[in-house]
Amino acid sequence: MGVEQEKTVIYDHRISTVVPATVTGNAVLHELTNMDLIMKLHYLRAVYYFNQSEITDGVTIADLKNPMFLWLNICYPMAGRIRRAESGRPLIKCNDCGLRIIEARCRRTLGEWLDVESSSSRWRLLVPDKVLGPDLQFSPMVYMQFTRFKCGGMAIGYSWAHVLGDPMSATNCINLWGELFSGNPPPKTLQLNNHQKKAENAATHVKVSPKPIPVKQVELIGDGWLAPNTRKMATNSFRITETKLKKIQPEQLKQVPTFVIISALIWKCLAKIRKSGECKMATICGYLTLPKCSKILNNTLKTSIVRLDSSAANFGLLELATLICKQEAEASKSVEELADIENGKSDFVLYGANLTFVDMEGINLYGLELKGQKPVQVDYSIDGVGDEGAVLVLQGPQRTNETSSNQERIVMVILPEDEIRQLCELLTSEFGIAQDLKINHKNSVTNM
Amino acid sequence: MPRAPFPELSSSVRLKYVKLGYQYLVNNFVAFLLIPVMIAVSLVLVRRGPDEIMALWHSLQLDLTQVLFSVFLFVFVAAVYFVSRPRPVYLVDYACFKPPTTCRVPFATFMEHAWLINWDEKSVQFQTRILERSGLGEETCLPPANHYIPPIPTMEASRAEAQLVIFSAIDDLLKKTGLRPKNIDILVVNCSLFSPTPSLSAMIINKYELRSNIRSFNLSGMGCSAGLISIDLARDLLQVHPSSNALVISTEIITPNLYTGNQRSMLLPNCLFRMGAAAILLSNRRRDARRAKYRLLHLVRTHKGADDRAYRCVYQEEDAEGHTGISLSKDLMVIAGKALKSNITTIGPLVLPMSEQLLFFLTLVGRKLINHKWKPYIPDFKMAFEHFCIHAGGRAVIDELQNNLQLTAEHVEASRMTLHRFGNTSSSSLWYELSYIESKGRMRRGHRVWQIGFGSGFKCNSAVWKCLRTVETLVDGPWTDCINRYPVDIPDVVKL
């Protein structure tokens, strides 16, 4: 199917804005931490698919929008816009400008849509791909797209600027919207992150550190907050069932977390593909799991670098996995200390500066419930990833008859286009796991 | 040196007392005249004694027919007098539409939409400057269709807005007054810029299943002063139809009227006009007099359309690129001032106390005959009214009127706060202002209110109401949840 045809599959776009219900106040500012500014060139894109049901049949756009007004009262920085302080440091002015809502329709049914090979990156049509800038003062940080399928199913596209918060924050926020939509009252203990004053900026010295850092400084072209890529990036996702994992996981690795095994696996494959021998360094990235009713908007990543003496292809799976674990335990130094911010004038890329493996297992993607209905599938990706690529390990759809520890995983790879095909072939041939993500929607319906 | 202020102070105090004395004398002139006469008569009577008075009476030699005839004459004249008096028109109650928070438009969103719809930096800057100085707040509302980029001004969306605003206001009114829809005799609706077929009045008749012999009227195209024109029409109808009531709906539908071009003279309405509606119940029934809030004393309409400049000062037309918008001319304030003067000249003699009228007359005569350099005397309308509701057309209008009529900040507070909270809701703004005064607990029995509306044409209409019962502060209305925050201090320029 050609790209042009693909584009017309989604039609009848209508764009509007939703604002907080009450006035936030005059000149309320949300300060951005150093970590926020490091992550500012990344964008989270999520698509939640909901099957046709009584709930989706009865829902109108007004029903979807109405809870957002209260939602934005609680999370008011989401409705703000980026401004620069006198020093040039970006911050968020909470001026109630709002978030952008896009309504669209799809000519296919949900089943037909999900049946297609996931390498087509079809999910891109269901979530806006906007970035901040060039007009920063008129760029929303959050977009939501509601796409109606021919059968009555619905896809909710959610685009989130990483500068506002990490995937944990983004997911908690949208799950909060789901709760408000379902008619639940907002949790009382919710509070925004109180940022410490960035006074430490003045005293930040460039720490000459022998250790490598997981970020790369980039030069922006133009005013848009998006780092340029030298190679064309694409995405693909595949499902790894628990049984498949057990097959590849030798006895000794029973203690090793699933994420590490998957990371090691893919690293080995990629090292084989990238014959130049550069595949010696990887960043392991995770998010701090804060309790749910707590500070909601922050960037709390823990990153560590794994450095190898030779290409990862030379290591066995067990060796590599153990090394990764060891490094993780060793160095979880906060990235902010390692990078010199210069009042937000420098631009950094974290995901993709080195080959990055992101542990998103703890992120409650399927926690977005519309009056009890959970999504049947969630596609998740990050935009603004550097040339080395990133691999996201996500929760799979929950099956009601299994406990959470036996869940399958969805792996989303964001790599240069030519590498993806080779990776899939390699994974299929050597480990038998990279089948394309084909949703068996009949199963999904009975499980809901 | 320190003595200098004292003479000024004492002279101004003396002047004040002189003025007070003059006012008392002139306003109660008839009483002053009558009292000595009455005293003289009673003195004479007392001196003459009752017997002499009875002798005087008998000497008149009145027989029965003459007495009866005089009695009949008296009764006849009294009857003719009472019948030819206009029927009193009572305002039983009114309700204003409270826009939901889902329609809220903060400044930043408005500017962002203006930028995204029309990538013209100059017109965005112009609109920013206007918004900064407009006197509007961040809680004003636009209809749902106008939240889209670009706006979706379909007929369906316009009707949806009309139904939302009008039916909410009417539902509120029915609840407050206990009125049954089948009892409505007259229906007058005014909405200037949206006139579908069937009309909005038909829409209301359909929704509330009003009687088939209802007298319904739909006024369109008559601008922001049409609210008082509707009241005038209802009043005239209530003179002709005894024992009737009239439902008057004043609104303006914004959905089809957002201007999407770049011409500056047409961008101003975009920045100021917002959603609003009011439903008013008038009655001429005697039994409603007991529960009515106000009685209509006067209604004066002035139309300056004969002058070309006035006619074209608020003009709906297409710009060079074909976008339709309402263009406001630069001499709007001048024309408004002239229309106001014209209106005041008519309403002044009806409401001003004799003292002010005499002064005005004398100054006028003096200017014409003696020395035309004398400053014209501006009557003090604060003596005639306790409250003023000036159409919240924009900050400039309120400033101009405050200056012209020499009103204090408290007098124009209702207008300024309505502009801040609700924006320019066109013909219904006068009712939001009245609701503000009531919500603040300032309306007492016997107080008189002057409502002044301006509108395209150019028209200036005034209505004078008298409060019949003190209104309790727990008024259920559009100000209920925010009255405690008002009055707010509105800076001259809000930094966006």
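**A tour of chains A and B**

Select chain A to begin: this chain has 13 helices and 17 strands. The model on screen is predicted. Of the 448 residues in chain A, 57% count as buried. Now turn to contacts within chain A between residues at least 6 apart in sequence: 80% of these join residues at least 24 apart.

Next, select residues 233–240 of chain A, which form strand 10. This strand is mostly covered, with six of its eight residues buried.

Now move to chain B. Select helix 12 (residues 332–351) of chain B together with helix 14 (residues 395–404) of chain B. The two helices pack at an angle of about 45°, and their axes are 11 Å apart. Helix 12 of chain B is therefore oblique to helix 14 of chain B. The crossing of helix 12 of chain B with helix 14 of chain B is right-handed.

Last, show the side chains where these helices touch. On helix 12 of chain B, the contact is made by Met333(B), Gly337(B) and Leu340(B). Colour the contact by residue class, and it divides into five nonpolar, two polar and one charged residues.

Conventions
Residues numbered from 1 in each chain as written. Chains lettered and ligands numbered in written order. Predicted model: local features only at pLDDT ≥ 70, side-chain atom pairs only at ≥ 80, totals over all residues. Heavy atoms only, no water. Axes fitted to C-alpha atoms, helices over the stretch in contact; angles between N-to-C directions. Helix = DSSP H or I, 4+ residues; strand = E, 2+ residues; numbered from the N terminus. Parallel < 35°, antiparallel > 145°, perpendicular 65-115°, else oblique. Left-handed = near helix turned anticlockwise from the far one by under 90°. Contact = heavy atoms within 4.5 Å. Nonpolar A, V, L, I, M, F, W, Y, C, P; charged D, E, K, R; others polar. Buried < 20%, exposed > 50% of the residue type's maximum accessible area, 1.4 Å probe, protein only.
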